[in-house]
Amino acid sequence: MATEPAELLTVALGVAREAADLALRMRTDGVTGIDTKSTITDVVTAADKAVEDLVKSSLQQLRPGDAVLGEETGGAAEPSAGGAVRWIVDPIDGTVNYLYGLPQYAVSLAAEVDGVVVAGVVRNPVTGQEWTAVRGGGAWRAGRRLTCSAQRELGLTLIATGFGYDARRRAHQAAVISRVLPRVRDIRRFGAASLDLCLAAEGAVDAYFEKGLAAWDRAAGGLIAEEAGLRVTGLRGEGPGRRFVLAANEAVYEELHDLLVEADADGGP
Ligand code: IPD
Ligand code: CA
């Protein structure tokens with residue numbers, strides 16, 4: 001089966017659009033099947049599960065043999081190797097927003113070949129906004145190629161971030177914010193990491209950081225941000241991962257990175 005990034009993106013687009021339509025329909029009908037996961041604030045709904053099931057069965061039909069990792073049902077935990085494809089899906093990123101009827105949530109779907117994300121789509125079912133990227137081919141929305149912010153002064157950066165579901169982690173994240181907030185223009189907490197990365201890709205925020213993201217939160221959005229010119233890393237030379245994700249343009253990257261290290265942003269619980 002083909003593993004060309006452009007072909008994988010075509011598959012991703014078809015599946016993500018259907019998935020987004022289902023998420024929106026289920027929201028209009030009323031949220032059901034509300035349950036909790038890691039903590040009492042970490043929710044899952046019937047829609048999260050139904051959308052993931054739809055994505056998995058569509059991929060199974062279109063690309064039998066590809067591996068899939070999903071937030072709700074797990075699957076291929078290890079990165080793909082030997083030329084194989086692994087799909088990474090967050091059926092609803094921003095489930096708390098979904099629960100409350102806030103329009104900031106997304107379906108995020110990425111294709112990885114040999115452990116490298118090569119194609120990704122993030123779609124907001126409410127607004128219909130859809131961000132895409134293939135590795136080396138730029139990041140796009142509505143036919144427009146995206147470029148990240150050119151802000152050069154850390155003091156003028158608008159930064160998106162997010163918080164985990166564990167109370168002790170949040171206390172640490174709050175302490176980090178108390179160090180960062182006085183040094184930047186302002187902070188935004190929209191509630192969906194994939195969309196935060198897409199907003200950074202189009203310069204609607206200048207940078208983004210968060211500790212504790214899972215692969216499904218960042219796979220598609222991370223590629224889109226990178227393709228729009230952001231540097232997407234962890235801290236102290238690490239790659240982006242569960243420990244930390246920082247996405248910033250080249251001009252402010254070093255200063256923001258050092259501030260985050262000083263604030264122990266990737267430390268704590
Ligand atoms: C969450 C959102 C949130 C981020 C959390 C994620 P979910 O994903 O992306 O913005 O701060 O770290 O877990 O639970 O809504 O899929
Ligand atoms: Ca989710």
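The side chain of Asp90 reaches the backbone nitrogen of Ile92 at 3.3 Å, a polar contact in the sense of a pair of N or O atoms within 3.5 Å, where within protein one must be able to donate a hydrogen and the other to accept it, and where residues adjacent in sequence count only if both atoms are side-chain atoms. This is a predicted model, in which local features need pLDDT of at least 70 and side-chain atom pairs count only at pLDDT 80 or more, whereas totals for chains, interfaces and linings use all residues. Residues are numbered from 1 along each chain as its sequence is written, chains are lettered from A and ligands numbered from 1 in the order in which they are written, and side-chain values use heavy atoms, with hydrogens and water left out.

## The annotated positions

Asp90 is found in strand 5 (residues 85-93), where helices (H or I, at least four residues) and strands (E, at least two) are DSSP runs numbered from the N terminus. With 0% relative accessibility Asp90 counts as buried, a term that stands for under 20% relative accessible area, against over 50% for exposed and partly exposed in between (1.4 Å probe, protein chains only). Beyond its neighbours within four places in sequence, Asp90 is in contact with Glu71, Ala106, Val107, Ser108, Trp216 and Asp217, contact being heavy atoms within 4.5 Å.

Asp93 also lies in strand 5, and its contacts, not counting residues up to four places away in sequence, include Ala193, Ser194 and Asp217. UniProt lists Asp90 and Asp93 for "binding site" in an unreviewed entry; the positions are given in the numbering used here, feature names are shortened, and annotations may be inferred rather than shown by experiment. The lining of the largest pocket includes Asp90 and Asp93. On a 1 Å grid over the protein atoms alone, a pocket is an open set of points where a 1.4 Å probe fits, with protein on both sides within 12 Å along at least five of seven lines, and lining residues have an atom within 4 Å of a point.

The unreviewed UniProt entry also places the feature "binding site" at Glu71, Ile92 and Asp217. Although these residues are spread over 147 residues of sequence, they cluster in space, with a largest C-alpha distance of 9.5 Å, and the lining of the largest pocket takes in Glu71, Ile92 and Asp217.

Glu71 sits in the loop between strand 3 (67-70) and strand 4 (74-75) and, leaving out residues up to four places away in sequence, touches Lys37, Glu52, Val89, Asp90, Pro91, Ile92 and Trp216. Asp217 belongs to helix 6 (residues 215-227); its side chain reaches the backbone nitrogen of Ala214 at 2.9 Å, and Asp217 touches Asp90, Asp93, Ala193, Ser194 and Leu197, again not counting residues up to four places away in sequence.

| Residue | Relative accessible area | Class |
|---|---|---|
| Asp93 | 6% | buried |
| Arg86 | 5% | buried |
| Glu71 | 23% | partly exposed |
| Asp217 | 12% | buried |
| Val118 | 11% | buried |

A polar atom of its side chain lies 3.1 Å from the backbone oxygen of Ala77, and the side chain of Arg86 reaches the backbone oxygen of Glu78 at 3.3 Å.

Val118 lies in strand 7 (residues 116-123), and its contacts, leaving aside neighbours within four places in sequence, include Pro5, Leu8, Ala133 and Leu223.

The 17 residues of helix 2 (residues 46-62) should span 24 Å at 1.5 Å a residue, and its end C-alpha atoms are 24 Å apart, which agrees; the expected span is 1.5 Å times one less than the number of residues. The buried residues of helix 2 are Ala47, Asp48, Val51, Glu52, Val55, Ser58 and Leu59. Seen down the axis of helix 2, these buried residues fall within an arc of 130°, so they line one face of the helix, the arc being that of the directions from the helix axis to the C-beta atoms. On the other side of helix 2, Gln60 and Gln61 are exposed.

Helix 7 (residues 250-262) has 13 residues and reaches 19 Å from its first C-alpha to its last, close to the 18 Å expected at 1.5 Å a residue. At the start of helix 7, a side-chain oxygen of Asn249 comes to within 3.0 Å of the backbone nitrogen of Ala251, and just after the helix Asp264 takes a positive phi of about 55°. Val252, Tyr253, Leu256, His257, Leu259 and Leu260 are the buried residues of helix 7, and what covers them includes strand 11 (158-161), helix 4 (167-180), strand 13 (207-210), strand 14 (231-233) and strand 15 (245-248).
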